[in-house]
Amino acid sequence: MTEPLSGTASCPNCGAPIRFRFAQAAQTTCDFCKSVLVRRGLDLQKVGTQAEFPRTGSPIQLGTEGKWRGRNFTVVGRVTYAWQFGRWNEWHCMMSDGTSAWLSDAQLEYAMTAQLDSKEALPNANNVTVGQAFTFAGVHYQAANITAAMYVGTEGDLPFTTDNRTEN
């Protein structure tokens, strides 16, 4: 497929219409055949198929709308992570100003995060230890825990790809 991906396209697997809700989306999932689709230049490429994705009891779903810090948002994607004691969702939110943020949802506890514009560098995540303190963008933080997790599924629009293949 070589049609421009401005906002709509056709699934290269089943031909169903694909609508990108987030202009900067790098990956989406076909609602019909569950193909995981990645943008590569002007091409939309199938990189896999989403297995039967577990339904969530969360009140947050694709299309949920809300307001955070004076800006409206719409939930456009989801990544589900698993760790030894359970799962949680990270919902990709398209903000009304065109940026994106993430809404974390675990057992009806929510946290919203967004990228900060800062020239400061965060510590390398591989070198952080529990109890370590650091300052970022004028705010003091301390690592309270470190959790090993892996993603178990995605749906909707994401600003990155979960495909680990390199481009040719």
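Trainee: What should I know about the numbering and the model before starting?

Mentor: Residues are numbered from 1 along each chain as its sequence is written, and side-chain values use heavy atoms, with hydrogens and water left out. The model is predicted, so local features need pLDDT of at least 70 and side-chain atom pairs count only at pLDDT 80 or more, while totals for chains, interfaces and linings use all residues.

Trainee: How many disulfides does the structure hold?

Mentor: A disulfide is a covalent bond between the sulfur atoms of two cysteines. Here the term covers a pair of cysteine sulfur atoms within 2.5 Å. The structure holds zero. For Cys11 the closest cysteine sulfur is in Cys33, 3.7 Å away, which is too far for a bond. Cys30 also has Cys33 as the closest, with 3.8 Å between the sulfurs, again too far.

Trainee: Are Cys11 and Cys30 buried or exposed?

Mentor: Buried means under 20% relative accessible area, exposed means over 50%, and partly exposed is in between (1.4 Å probe, protein chains only). Cys11 is buried at 4%, and Cys30 is buried at 0%.

Trainee: How many aromatic pairs are there?

Mentor: Rings of Phe, Tyr and Trp (its six-membered ring) pair if their centres lie within 6.5 Å; planes under 30 degrees apart count as stacked, over 60 as edge-to-face and the rest as tilted. The structure holds four such pairs. One of them is Tyr81 with Trp88: the centres are 5.3 Å apart and the planes at 25°, so the pair is stacked. Tyr81 is partly exposed, at 24%. Trp102 and Phe160 are also stacked, because their centres are 5.9 Å apart and their planes at 25°.

Trainee: Which parts does the pair of Trp102 and Phe160 tie together?

Mentor: Helices (H or I, at least four residues) and strands (E, at least two) are DSSP runs, numbered from the N terminus. Trp102 lies in strand S9 (residues 100-106) and Phe160 in the segment after strand S13 (150-156), so the pair ties together parts 58 residues apart in sequence. Trp102 is buried, at 17%, whereas Phe160 is partly exposed, at 32%.

Trainee: How is strand S11 joined to strand S12?

Mentor: Two strands pair if DSSP finds at least two bridges between them. Four bridges join S11 (residues 133-136) to S12 (residues 139-142), and the two run antiparallel. Phe136 stands opposite Val139 in S12. The hairpin has two residues between the strands, and Ala137 takes a positive phi near 50° there.
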